[in-house]
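Good morning, and thank you for coming. I would like to take you through one protein model, from its overall make-up to a few individual residues.

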Amino acid sequence: MSGEEDWGDLITKQEKGLTEKIESLTIKKESGENSSASKEVSPSGSHSETSQPSESRDDAEEKDVSKSDISLLQKLLHSKLVQSKSDIEVLRKDPTSPLYSVKSFEALHLKPELLKGVYDMGFNAPSKIQETALPTLLADPPTNMIAQSQSGTGKTAAFVLTMLSRVDVSKNYPQCLCLAPTYELALQIGEVTKEMSKFMSGLRIMHAVRGERVSRGDKLDCHILIGTPGTTQDWATRFGAFDLKKIKVFVLDEADVMISLQGHQDQSYRLQKGLSPNCQMLLFSATYDESVMAFAEKIIPNDPVIIKLRREEESLDNIKQYYIECSSQEEKFEALSNIYGAISIGQSMIFCATRRTASTLAERMTKDGHAVGLLSGELPIEMRADIIKRFRDGKEKVLITTNVSARGIDVEQVTVVVNFDLPVTPDNKPDCETYLHRIGRTGRFGKNGIAINFVDGQRSMTTMRYIEKHFGRTISKLDAGDLDAIEKISS
Ligand SMILES: Nc1ncnc2c1ncn2[C@@H]1O[C@H](COP(=O)(O)OP(=O)(O)OP(=O)(O)O)[C@@H](O)[C@H]1O
């Protein structure tokens, strides 16, 4: 049976339903009206500047998921704010003028129709990053800013609020320009802009993305332009569709994704060079490392305010870790069956190295009566997000996933994680970062998390011992045939 057939056979009812849903979504995107300067956010075409080639059909290890896919998956999964316990670090360049923070949107003196839009979105109070960034973002004279805060903490809302606060709908030309790395991410920002501005009459938003058409000599009469660098550059310089000098607010979002995509940096620089020196320039990123900072400081001039929200430390505290020695795939399946038979498990995730293992395991566990979700890298992002949302809603108790497609999933509510195959890097070295991300977020809300690792030979034993040493946390041996011992682990 080919991987294809394995895979096809295993698409459960849930995925068939999701497939129809995704197909309808795709059809909608392709047949969307070719909106001109309208407020509707439904550009035609479904190209992405960086559309990813579909995963190879063979059953080898999956290629890593792109940063833009992870970022889009995160956005699709965020139905609410990720409340971070970390503090904001203000690496302000100019210590003389203090940064102050606000605890309410009223304190920001927003336009009434905008405040109404914010409340209508269910935003009762600013998030951490908004508390600190918005007073500066909305102050006059405008200040440039570089802001880093992990995914889901309210960055998009912060810069959208800034653009909507500064736009003047009586002037019929683009005054705010927001760059995003991909078609899909640009659309996501457009959705937030459209929703937040629903009580602002006369506002027009447009997307400068593939599939949107402007002809030479056209002059855009929208107020806010959201686009990918290549198309935006074409519209500004080749077609002269809008005047960069009239842009009052320039936002570069997802900077960490932007720098990972070939050519986007140069196009972003060229666009930024065309802006007026009085333009307020803002850069946002979910992560903060040397390369992002170098890009940010190069493209955002005039001593910008720099604020950072540290990533929450993930740790292996209150996680009990075990390993089970198995000499074959079959023994692994049997051990897993014993575990699921011996202990009551809330929600669990099982990580496999290949699609074939994942699909075979899903088939067996489904036959054993478990409600199983199955995730892998070659599924469309929207389908992956729906499978994860179903799992989070408790519709499936077990989520079986391959190594890479689990990136970007916060696994707060699972109590058991099984490494059916231990995480290793593409060059087969122990992948401690992935191990931590998978397991470090279980065991929340006071419950102990449980991690079970299958070891099926010398190489995986070496990997497991390396991970154990790296984190300085014991991984205890568990005998798959000793049901009493297995029962005890969940006590
Ligand atoms: N002040 C707020 N109060 C309540 N919910 C909020 C607030 N700000 C944003 N949200 C919601 O939190 C989620 C994440 O917000 P947003 O998309 O702005 O975060 P982000 O940091 O840009 O995420 P990403 O980096 O993944 O794009 C969204 O569902 C948004 O509606």
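**Overview of the model**

The protein contains 17 helices and 15 strands. Helices and strands here are DSSP runs, numbered from the N terminus: a helix is H or I with at least four residues, and a strand is E with at least two. The model is a predicted one, in which local features need pLDDT of at least 70 and side-chain atom pairs count only at pLDDT 80 or more, while totals for chains, interfaces and linings use all residues. Residues are numbered from 1 along each chain as its sequence is written, and side-chain values use heavy atoms, with hydrogens and water left out.

Of the 491 residues in the protein, 54% are buried. Buried means under 20% relative accessible area, exposed means over 50%, and partly exposed lies in between, with a 1.4 Å probe and protein chains only. The accessible surface of the protein is about 21400 Å², and carbon and sulfur atoms account for 51% of that surface. These areas come from the Shrake-Rupley method with a 1.4 Å probe; for residues, only the protein chains shown count as cover. Among contacts in the protein with a separation of 6 or more, 78% are between residues 24 or more positions apart. A contact means heavy atoms within 4.5 Å.

UniProt, in an unreviewed entry, gives "domain: DEAD-box RNA helicase Q" for residues 103–131. UniProt positions are given in the numbering used here, feature names are shortened, and annotations may be inferred rather than shown by experiment. Residues 103–131 are 45% helix and 0% strand, with the end C-alpha atoms 6 Å apart. The unreviewed UniProt entry also lists "domain: Helicase ATP-binding" for residues 136–306.

Gln-148 belongs to strand β2, residues 145–148, and counts as buried at 6% relative accessibility. Which backbone oxygen does the side chain of Gln-148 reach? The side chain reaches the backbone oxygen of Ala-286, at 3.2 Å. A polar contact of this kind is a pair of N or O atoms within 3.5 Å; within protein, one must be able to donate a hydrogen and the other to accept it, and residues adjacent in sequence count only if both atoms are side-chain atoms. Neighbours within four places in sequence aside, the contacts of Gln-148 include Ile-129, Tyr-288 and Leu-309.

Ser-268 sits in helix α10, residues 264–273, and is buried, with a relative accessible area of 0%. The side chain of Ser-268 reaches the backbone oxygen of His-264 at 2.7 Å. Beyond its neighbours within four places in sequence, Ser-268 contacts residues including Leu-179, Pro-229 and Phe-295.

I come next to the aromatic residues. The structure holds six aromatic pairs. Rings of Phe, Tyr and Trp (its six-membered ring) pair if their centres lie within 6.5 Å; planes under 30 degrees apart count as stacked, over 60 as edge-to-face and the rest as tilted. The ring centres of Phe-159 and Phe-284 are 5.1 Å apart and the planes stand at 50°, so this pair is tilted. Phe-159 lies in helix α6 (residues 155–166) and Phe-284 in strand β7 (residues 280–285), so the pair ties together parts 125 residues apart in sequence. Phe-159 is buried, at 0% relative accessible area, and Phe-284 is buried as well, at 1%. Elsewhere, one aromatic cluster is formed by Phe-333, Phe-420 and Phe-454.

Finally, some remarks on the backbone. Most residues other than glycine have a negative phi, and most peptide bonds are trans. The peptide bond from Asp-140 to Pro-141 is cis, with omega near 0°; Pro-141 is in the loop between α5 (128–138) and β2. Asp-303, which is not a glycine, has a positive phi near 45°. Asp-303 is placed in the loop between α11 (290–299) and β8 (305–309), and counts as exposed at 55% relative accessibility. Asn-428 also has a positive phi, of about 65°, although it is not a glycine. Asn-428 is found in the loop between β13 (416–419) and α15 (432–440), and is partly exposed, with a relative accessible area of 44%.
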